2 protein chains.
Amino acid sequence: MKVYQSADIVAMDQRFRTTFINSLSGFKSLQMVATINKNGSTNIALFNSIFHICANPPLLGMVVRPDGTEHETFKNIFETGFYTLNNVKEGFYKEAHQTSARYIAGESEFKQCGFKEHFENDFIAPFVAEASIKLGMQLREIIPVAINGCRIVIAEIVKIIIEDDLIAKDGYVNQTKAETITVAGLDAYFNTQLINRLAYAKPEKQAEPINVI
Amino acid sequence: MKVYQSADIVAMDQRFRTTFINSLSGFKSLQMVATINKNGSTNIALFNSIFHICANPPLLGMVVRPDGTEHETFKNIFETGFYTLNNVKEGFYKEAHQTSARYIAGESEFKQCGFKEHFENDFIAPFVAEASIKLGMQLREIIPVAINGCRIVIAEIVKIIIEDDLIAKDGYVNQTKAETITVAGLDAYFNTQLINRLAYAKPEKQAEPINVI
């Protein structure tokens with residue numbers, strides 16, 4: 001096996017390094033982040049840096065760069081305090097990828113990429129109608145990362161729109177049935193196949209598989 | 001589709017909610033985090049909250065709860081300033097899951113779960129020999145999350161141990177060839193199948209697939 005040191009990483013061509021580092025840490029949570037501004041213009045941006053923070057209260061984090069294509073998303077979240085997370089299904093992954101193009105401000109990715117807005121009465125941010133798992137998020141904390149100037153947005157799941165047959169008896173959400181895909185790097189999309197669920201690990205024995213209902 | 005509100009989430013049985021919220025946001029990066037303390041005792045903990053922060057400098061973040069099974073990992077990272085991330089292959093996912101059991105302090109998961117330590121001369125933390133992608137991490141920032149008391153650990157990738165044939169010409173790391181698996185929730189392990197890589201999205205046209213070499 002080859003060993004790359006810091007100096008080797010620094011010496012890499014910039015585009016090569018971007019692709020390399022982005023695809024190094026494995027598969028990631030892929031979500032369409034949908035927002036609205038105070039004038040009613042909607043926006044979708046594709047994020048792969050969503051991570052679990054807590055189950056109670058139900059908190060998720062994501063990394064936002066306040067520049068470039070994510071600027072609109074950050075501005076809208078900051079302005080309204082709300083956004084939605086919408087899973088990407090294999091049937092529309094190309095359209096989801098297309099939301100990452102740099103459209104002119106005011107051109108909604110909903111219209112440009114062919115997605116339908118879904119609004120719930122008491123919730124300001126739009127959901128993506130086509131998604132099979134839709135999460136309504138309320139902003140709780142914005143944490144600046146000193147080392148590179150990006151921000152970590154932490155929000156609480158305050159609304160969940162989902163078919164009941166995706167939820168197993170023990171609360172497990174069947175992402176396979178939801179047709180959720182995953183991403184590696186910036187541009188490689190994958191579907192998945194369950195190997196097994198394993199029971200809670202205990203020191204004295206190997207965990208047994210759990211049946212997925 | 002059913003809509004769950006905050007009150008419904010609060011009212012859920014605690015174990016149900018933990019499983020439900022953990023598996024709601026889709027597939028995640030799964031890594032074995034390996035550390036060492038100042039007395040030379042090693043440790044492995046399984047993490048699914050690894051996220052990309054930056055390609056240059058190459059930074060990854062992860063969420064750590066300074067209590068329970070992750071206490072040892074956090075203490076060792078804080079003490080030494082270094083840790084490693086090691087991908088999980090399908091061939092040893094049961095052993096990787098087993099590292100999440102609560103072993104007595106001082107009982108190394110390397111020995112208890114059947115993994116081999118791999119040391120590089122100039123790097124204090126152990127790598128997991130069996131992993132096909134091994135990342136040496138240097139601690140850069142610890143960010144406390146006010147809302148629930150967990151911590152976000154941000155570290156720089158300072159060493160990468162990988163076979164060259166896993167890296168495509170443009171820098172893309174082939175996770176399928178690396179046999180990397182992914183996880184949904186706390187206990188559901190998945191292998192993956194590439195749908196496509198898509199070219200950089202531009203407003204005027206749909207992105208074309210890229211060949212993976």
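Entry 1: terms. I take helices (H or I, at least four residues) and strands (E, at least two) as DSSP runs, numbered from the N terminus. The model is predicted, so I use local features only at pLDDT of at least 70 and side-chain atom pairs only at pLDDT 80 or more, while totals for chains, interfaces and linings use all residues. Residues count from 1 along each chain as its sequence is written, chains are lettered from A in the order in which they are written, and side-chain values use heavy atoms, without hydrogens and water.

Entry 2: helix α3 of chain A. I looked up α3(A), residues 71–80. Its buried residues (under 20% relative accessible area, 1.4 Å probe, protein chains only) include T73(A), F74(A) and I77(A). Just after α3(A), G81(A) has a positive phi of about 80 degrees.

Entry 3: L135(A). I found L135(A) in strand β10, residues 133–144 of chain A. Is L135(A) buried or exposed? It is buried, at a relative accessible area of 1%. Its contacts (heavy atoms within 4.5 Å) include L60(A), Y83(A) and I157(A), and also L24(B) from the other chain.

Entry 4: the two chains. The same surface serves both copies, as 100% of the contact residues of chain A recur in chain B.

Entry 5: rings. Rings of Phe, Tyr and Trp (its six-membered ring) pair if their centres lie within 6.5 Å; planes under 30 degrees apart are stacked, over 60 edge-to-face, the rest tilted. I noted 17 aromatic pairs over all chains. F82(B) and F123(B) are edge-to-face, at 5.2 Å and 80 degrees. F82(B) lies in strand β7 and F123(B) in the loop between β8 and β9 of chain B, so the pair ties together parts 41 residues apart in sequence. F123(B) is buried, at 6% relative accessible area.

Methods. Buried < 20%, exposed > 50% of the residue type's maximum accessible area, 1.4 Å probe, protein only. Lists of a residue's contacts leave out its neighbours within four places in sequence.
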